[in-house]
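Thank you all for coming; I would like to take a few minutes to walk through one model. Please have the sequence and the picture open while I talk.

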Amino acid sequence: MIKLGWRSQRWILVSLLVCLLTVVAYPSWGRSPFSPIEERATVQMDGKVLFEITGIVGFPAPERAEVINLKLEQLLQTYLQDRNSTPQYEIDPDNEQAILSFDRSYLLTVTPQDVRGERTVESQARRYAALILNEIETAQYERTGEYLRQAVLVMLGVLLAAISLHLGMNQGVKLGERRLGTWISAGELRIRNLQISEKLLHRLIKLVRFGLLFGLWWAVGYYLTDLFPLLRRSRYWLFDLILESLIDPIFTLNENSYSLLDLLTLIGLTAGLWVGVRSLTRLFRTRVLAFTSTDRAVQDVLGVLVQSLLMFLGLLLILQIWGLDVSSLTIIASVLGVGIGFGLQNIANNLISGLIITFERHVQAGDFVEVANLMGTVEQVGARSTQILTLDQVSIIVPNSRFLETEVINWSHSNPVSRLRLPVGVSYNCDPEQVRQVLINTANSHTDVMVDPPPQVLFKGFGESSLDFELLVWIREPRGQFKLKSDLYFRLEKALRYYKMEIPYPQRDLHLRSSHLDEILQHLQKSKEDPQPENTPPLELTDTALEYLVQKMQGQEGIEIKDRWYRGNFYPGVFVAAEAIDWWMKELKLKQGQAVQLGQVLCDRQIIHHAFQDIPFQDSYEFYRFYS
């Protein structure tokens with residue numbers, strides 16, 4: 001016998017309650033779609049419902065009630081202006097019907113469909129007339145000053161009583177909440193040997209408190225609005241407006257009209273179905289599949305399939321109960337199926353790939369895999385995706401289709417033993433046999449390297465600047481391959497250094513010099529070493545050297561020359577003095593003082609100039625531009 005836990009029982013009860021309340025709220029769904037439904041409408045006066053009437057041929061009940069309500073409103077206004085007079089009614093039998101008139105003015109026709117119980121049409125008409133007369137007298141009395149004074153006093157008394165009840169309910173609920181919390185903390189409150197969750201209990205208490213207060217003020221509001229005719233009329237108009245907005249048809253499908261209430265009911269049934277299917281699927285997985293030897297991934301896939309199948313069948317049943325002919329939606333479903341198929345082809349691909357992976361079992365939870373430049377441990381194989389935990393402890397969700405579309409390296413599949421390759425290059429001056437022995441001894445000294453099969457060394461060939469070897473070692477745990485490689489390289493470097501075996505690397509020196517730049521540098525160095533008097537002419541450089549320098553500065557690898565905005569001003573085609581000095585120091589191997597001197601030479605030779613004033617060249621954020 002399967003025992004249901006409290007959580008499962010709760011969800012099942014909630015699902016059944018939602019479905020039951022939905023059917024009760026809309027009882028016409030409990031009938032056959034082919035059974036006739038009698039349409040009724042209410043006749044009201046002064047905000048009070050007097051009686052209900054049915055529709056007749058060519059005259060639906062709502063339209064018939066609207067005409068009667070309009071005539072009753074005119075009749076009421078007439079006798080409210082003359083409160084001393086009393087209306088007189090007449091009943092004229094006509095075949096199987098009875099015509100009811102007030103003051104020789106036609107009001108309505110009572111049909112056999114309007115008759116209730118064992119009455120005749122005449123007795124039903126007299127009952128309608130009595131209700132109307134009684135309501136006219138009540139409306140006349142409710143407009144008197146005596147009634148208004150009594151109504152105001154009653155309203156104040158009801159409000160005071162409601163406020164007192166509100167405060168009393170709050171205090172009672174808080175006291176009960178504290179008392180139940182004490183019982184829970186003491187472990188004394190149990191239901192069916194199950195400890196009640198304190199969080200759940202507080203939520204239930206808050207829900208009960210809200211329901212009590214809402215019911216209290218709803219009743220108070222309804223009673224107070226019923227005391228005054230104007231408020232009663234407004235309440236009836238508001239409720240009638242809400243009801244009409246809910247039941248009025250908003251669209252037609254297959255010659256059936258559907259209202260907002262129909263849509264809300266459909267949503268409610270769908271939500272109840274979703275909760276119920278989830279509960280049943282959870283029970284299926286925890287109470288049925290859990291007792292089998294089925295793999296966890298297979299259980300997840302079966303759970304998703306069962307849940308999808310139950311939802312599909314439940315939706316078909318709900319749509320049939322809702323009055324929708326599902327067979328008529330075949331063409332629409334076909335078109336939508338094609339569109340959804342194109343949109344969900346990746347999801348379907350991943351789902352099918354998940355089934356293939358689950359049943360082939362090439363990738364399982366706990367395997368160390370490498371797929372699409374990702375390497376890590378498989379934590380979970382789901383119906384649509386697989387969760388991989390990388391070596392950096394980062395969880396990555398990989399679609400299942402990746403495992404079928406690309407090559408997958410499963411280091412743990414079948415046999416986790418694998419071989420690592422470590423390339424090593426040494427100088428041509430080293431003895432290859434000695435190198436081989438050093439590599440093998442270093443590998444054997446590490447505890448994570450397997451003794452059987454033993455390590456091997458391959459002589460790969462003669463490189464450009466080294467003898468190329470490759471060390472091959474076997475390991476048991478693929479997850480530790482990167483740490484093992486690092487440890488072996490540390491040990492190899494130490495061993496090769498101990499045996500004075502050089503690890504070469506290619507070296508190339510590139511010297512590019514220009515005679516023109518040499519000339520500039522020579523002049524600057526000379527002026528720096530032999531400073532001239534203050535009034536001597538500026539440094540003389542040949543035009544060829546300066547022209548070469550200007551072309552290099554304005555080239556692609558030169559200084560940055562562009563339009564700039566600074567403090568609201570626009571400076572076209574300028575460069576920054578500090579950037580030019582950095583460039584000269586880098587390209588000409590100058591010192592900072594020499595670079596400043598070169599900038600001043602260019603200013604004196606009228607090659608460059610300050611953007612907006614005449615100041616000496618200096619290492620600062622000043623704008624300069626070329627004359628040409």
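This is a predicted model: local features need pLDDT of at least 70, side-chain atom pairs count only at pLDDT 80 or more; totals for chains, interfaces and linings use all residues.

Let me begin with a cut-off, because a residue is called exposed here when its relative accessible area is over 50%, buried when it is under 20%, and partly exposed in between. With that in hand, Gln 606 is exposed, since its relative accessible area is 57%.

Gln 606 lies in the loop between helix 17, residues 592-604, and strand 20, and its phi is near 60°, a positive value in a residue other than glycine. As background, most residues other than glycine have a negative phi, and most peptide bonds are trans. Asp 103 also has a positive phi, of about 55°, although it is not a glycine, and you will find Asp 103 in the loop between strand 4 (97-102) and strand 5 (105-110). Is Asp 103 buried, partly exposed or exposed? At 38% relative accessibility, Asp 103 counts as partly exposed.

While we are on the backbone, there is a cis peptide bond between Asp 452 and Pro 453, with omega at about 0°, and Pro 453 is placed in the loop between helix 12 and strand 16.

Strand 16 and strand 17, the latter covering residues 467-475, run antiparallel and are joined by six bridges, and if you want a pair of residues to look for, Val 457 stands opposite Leu 471 in strand 17.

Next, the aromatic side chains, where the count comes to 17 aromatic pairs. One of them is formed by Trp 584 and Phe 617, whose rings are tilted, at 5.9 Å centre to centre and with 40° between the planes. This pair links distant parts of the chain, 33 residues apart, with Trp 584 in helix 16 (residues 577-587) and Phe 617 in the loop between strand 20 (608-610) and strand 21 (623-626). Both Trp 584 and Phe 617 are buried, and they belong to one aromatic cluster together with Phe 575, Tyr 624 and Phe 626. Elsewhere, the charged end of Arg 235 sits over the ring of Tyr 222, 4.0 Å from its centre.

Finally, the record. An unreviewed UniProt entry lists residues 147-169, 207-225, 258-280 and 301-322 under "transmembrane region". In the model, residues 147-169 are 100% helix and 0% strand, and the end C-alpha atoms of that span lie 32 Å apart. Residues 258-280 are 91% helix and 9% strand, with their end C-alpha atoms 31 Å apart.

Key:
Residues are numbered from 1 along each chain as its sequence is written. Side-chain values use heavy atoms; hydrogens and water are left out. UniProt positions are given in the numbering used here, feature names are shortened, and annotations may be inferred rather than shown by experiment. Helices (H or I, at least four residues) and strands (E, at least two) are DSSP runs, numbered from the N terminus. Rings of Phe, Tyr and Trp (its six-membered ring) pair if their centres lie within 6.5 Å; planes under 30 degrees apart count as stacked, over 60 as edge-to-face and the rest as tilted. Buried means under 20% relative accessible area, exposed over 50%, partly exposed in between (1.4 Å probe, protein chains only). A charge sits over a ring if NZ of Lys or CZ of Arg is within 6 Å of the ring centre and within 35 degrees of the ring normal. Two strands pair if DSSP finds at least two bridges between them.
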